Protein chains: 2
Amino acid sequence: MTASLCVLGAGLIGGSLLRAAAAAGWETFGYNRSEIPAGADGFDVGTDLPAVLRRAAAADALVVLAVPMPALDAVLAQVAAHAPGCALTDVVSVKAPVAAAVRAHGLAAGFVGGHPMAGTAESGWAATDAALFRGAAWAVTVDDGTDPAVWRRVARLALDCGARVVPVTSAEHDAAVARVSHLPHVLAEALAQAGAAGGALALGLAAGSFRDGTRVAGTAPDLVRAICEPNAEALRAVLDETLAVLAEARRTLDDGSLAALAEAGHAARRRYDEQHREVVSGVVPGAPGWLETLRAAGRRGAVLTALD
Amino acid sequence: MTASLCVLGAGLIGGSLLRAAAAAGWETFGYNRSEIPAGADGFDVGTDLPAVLRRAAAADALVVLAVPMPALDAVLAQVAAHAPGCALTDVVSVKAPVAAAVRAHGLAAGFVGGHPMAGTAESGWAATDAALFRGAAWAVTVDDGTDPAVWRRVARLALDCGARVVPVTSAEHDAAVARVSHLPHVLAEALAQAGAAGGALALGLAAGSFRDGTRVAGTAPDLVRAICEPNAEALRAVLDETLAVLAEARRTLDDGSLAALAEAGHAARRRYDEQHREVVSGVVPGAPGWLETLRAAGRRGAVLTALD
């Protein structure tokens with residue numbers, strides 16, 4: 001039987017998911033709030049959400065929530081009304097708030113959270129790319145009560161899109177992405193402001209370090225807010241940590257030194273460059289202790305590259 | 001007559017300068033503290049500094065200081081001893097401290113500061129590239145007392161390497177690069193630490209925003225210090241500014257909002273992306289008011305792409 005996939009929201013991530021899954025042999029269809037030129041590319045993306053969801057229910061499709069966080073509640077209400085029995089996942093940045101919203105709509109039993117760590121500063125259907133997820137990490141949640149059959153379908157989707165599966169709890173995911181995704185946004189926005197405050201002369205002298213350091217400040221502000229604000233608590237914690245590191249660097253600069261900051265930062269970047277990705281295998285979803293085994297694997301940076 | 005160029009220090013910048021200038025038809029030679037495989041590539045780079053400088057004096061070469069700031073004083077003492085009459089420039093990051101050191105060695109009359117805004121996280125001869133400066137901004141100083149003939153030779157070198165000349169005073173240069181070069185280093189070092197503090201899980205989930213935001217933390221710590229520390233005063237000022245922006249963002253996060261930060265950061269990055277590079281022409285070095293004209297042009301982001 002061909003696996004069926006229903007993607008709700010055909011922006012950069014949802015649209016790229018339609019392309020990648022279709023290329024991997026999934027039967028795909030979806031919904032977008034407005035008309036988009038997906039049809040011109042051979043994709044079936046409608047604007048009638050109830051109709052799309054009734055089709056998903058009939059096809060026993062895996063339904064993917066791919067709308068920004070602020071739109072999630074309204075979409076979940078429709079899922080609960082028209083496709084409550086479908087396996088459900090998401091590609092929204094933050095995981096605990098999505099899981100809470102899913103729970104509030106009575107859809108927790110069939111839900112497994114997901115987050116492909118891929119994107120560009122572009123957005124919308126025009127920016128979609130079937131290769132977007134190739135080689136990327138794709139977080140798949142392993143919270144208590146996870147249905148092994150749904151987990152397997154979500155992991156299969158991630159693998160079929162060319163990604164490596166990182167098993168992680170929602171809470172641990174959110175703390176981690178505050179560090180490696182949301183904080184980079186905050187620092188990029190601040191750096192861009194510091195550069196522009198120097199006027200045309202400073203911007204004219206800007207080279208690679210400024211360009212790369214501010215790249216994600218090119219993301220639309222509403223999208224940055226939709227990504228970061230639902231994770232405000234974890235982001236506050238890591239921002240406090242970073243403010244302390246910067247305040248200490250500021251203090252050592254009084255003596256003209258950046259030694260401690262440069263040494264620690266370089267060591268940290270090397271750890272990132274040299275990280276070894278252990279591959280986990282032999283874990284059978286549903287077998288005793290499977291969730292604990294996967295959580296432990298995720299914590300040591302391991303990934304799944306296949307399902308047994 | 002073929003223009004002659006003597007480069008002191010054949011690391012990434014100095015070595016790339018040898019390559020670029022040679023490709024543009026300059027007669028090139030240089031000095032490096034240790035033996036490097038430059039000879040294998042056909043470049044004449046010796047380790048006997050007095051001998052290299054005597055050759056520079058005999059050839060009336062333009063001498064380029066391309067050693068890190070901590071090594072500058074010792075090299076300048078040798079220049080003063082063996083080639084005091086040569087036209088002199090530099091490719092060190094910060095300008096006012098270099099000008100002060102040059103002055104201290106009695107070499108100010110023949111000196112015009114320079115700073116090509118190009119580089120990578122790599123270093124050493126192996127990383128050199130004749131195309132490194134192509135399309136880059138190259139700051140050339142226009143401080144009071146600048147010798148127009150030397151200025152012309154330095155600007156010619158920058159243009160021959162494929163760069164655009166940004167005329168700027170030493171003080172204004174240092175304030176600007178604190179914003180667009182040194183602050184990016186500081187934030188990258190802090191971001192790398194925040195990511196690594198999340199352990200293997202966080203680093204495993206890191207994608208483009210973390211990779212780009214921490215790229216320059218891959219630079220050797222000693223080099224980061226040599227670049228940033230001589231500009232400690234300007235860096236402190238812009239770091240204070242940025243700490244205030246981040247503290248305010250932290251405050252708005254208490255209400256769950258990043259609206260102000262994201263809007264201002266996005267507008268700033270757009271200003272960078274959309275900057276128009278006015279091209280200045282018709283300025284004759286040495287003509288009345290030439291320094292003031294060039295300073296004003298640099299302040300509005302204008303560049304020279306040719307010498308009249």
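This is a predicted model: local features need pLDDT of at least 70, side-chain atom pairs count only at pLDDT 80 or more; totals for chains, interfaces and linings use all residues.

Biologist: How do you know that the same surface serves both copies?

Modeller: Look at the contact residues of chain B: 100% of them recur in chain A. The same surface therefore serves both copies, with contact meaning heavy atoms within 4.5 Å.

Biologist: Now the sheet in chain B. What is the order of its five strands?

Modeller: The order is S3-S2-S1-S4-S5, in an open sheet with parallel pairing.

Biologist: Why do S3 and S5 of chain B count as standing at the edges?

Modeller: Each has a single partner strand, so one side of each is left without a neighbour in the sheet. Strand S5 covers residues 88-90 of chain B.

Biologist: How do you know that S2(B) pairs with S1(B) and with S3(B)?

Modeller: Two strands pair if there are at least two bridges between them. S1(B), residues 4-8, and S2(B) have five bridges, in the parallel sense. Within that pair, B:Ser4 stands opposite B:Glu27, and B:Cys6 stands opposite B:Phe29. S2(B) and S3(B), residues 45-46, have two bridges, also parallel, so this pair meets the cut-off of at least two. Here B:Gly30 has B:Val45 as its bridge partner.

Biologist: What makes S2(B) mostly covered?

Modeller: Four of the five residues in this strand, 27-31, are buried. S2(B) also belongs to a right-handed β-α-β unit, together with S1(B) and helix H1 (residues 12-23) of chain B.

Biologist: Let's move to chain A. Why is A:Thr28 called buried?

Modeller: Buried means under 20% relative accessible area. A:Thr28 has 15% relative accessibility, so it counts as buried. This residue lies in strand S2 of chain A. Beyond residues up to four places away in sequence, A:Thr28 touches A:Leu5, A:Leu18, A:Ala21, A:Ala22 and A:Phe43.

Biologist: And why is A:Arg152 called partly exposed?

Modeller: Partly exposed is the range between buried, under 20%, and exposed, over 50%. A:Arg152 has a relative accessible area of 31%, so the label is partly exposed. A:Arg152 lies in helix H5 (residues 148-160) of chain A. Leaving out residues up to four places away in sequence, its contacts are A:Val284, A:Pro285, A:Leu307 and A:Asp308. A:Pro285 is 133 residues apart from A:Arg152 along the chain, and their C-alpha atoms are separated by 6.9 Å.

Biologist: Why is strand S7 of chain A said to be largely enclosed?

Modeller: Five of the five residues of S7(A), 137-141, are buried, so this strand is largely enclosed by the rest of the structure. A:Ala137, A:Ala139 and A:Thr141 point one way, while A:Trp138 and A:Val140 point the other way.

Biologist: Why do side chains do that?

Modeller: In a regular strand the side chains alternate between the two faces of the sheet.

Biologist: Which strands are joined to S7(A), and in what sense do they run?

Modeller: Strand S6 (residues 114-116) of chain A is joined to S7(A) by three bridges and runs antiparallel, with A:Gly114 opposite A:Val140. Strand S8 (residues 164-168) of chain A is joined to S7(A) by five bridges and runs parallel. In that pair, the bridge partner of A:Ala137 is A:Arg164. From S7(A) the chain passes through H5(A) to S8(A), in a right-handed β-α-β crossover.

Biologist: Finally, how is chain A divided into domains?

Modeller: Domain 1 takes 4-168 + 277-299, and domain 2 takes 174-273. Their C-alpha centres lie 30 Å apart. Twelve residues from domain 1 and eleven residues from domain 2 take part in the contact. About 840 Å² is buried between the two domains of chain A, and carbon and sulfur atoms give 65% of that area.

Key. Residues are numbered from 1 along each chain as its sequence is written. Chains are lettered from A and ligands numbered from 1 in the order in which they are written. Side-chain values use heavy atoms; hydrogens and water are left out. Buried means under 20% relative accessible area, exposed over 50%, partly exposed in between (1.4 Å probe, protein chains only). A crossover is right-handed if, with the strands pointing away from the viewer, the path from the first strand over the helix to the second runs clockwise. Domain bounds come from an automatic or database domain assignment. Buried area is the accessible area (1.4 Å probe) that two parts lose on being put together, summed over both.
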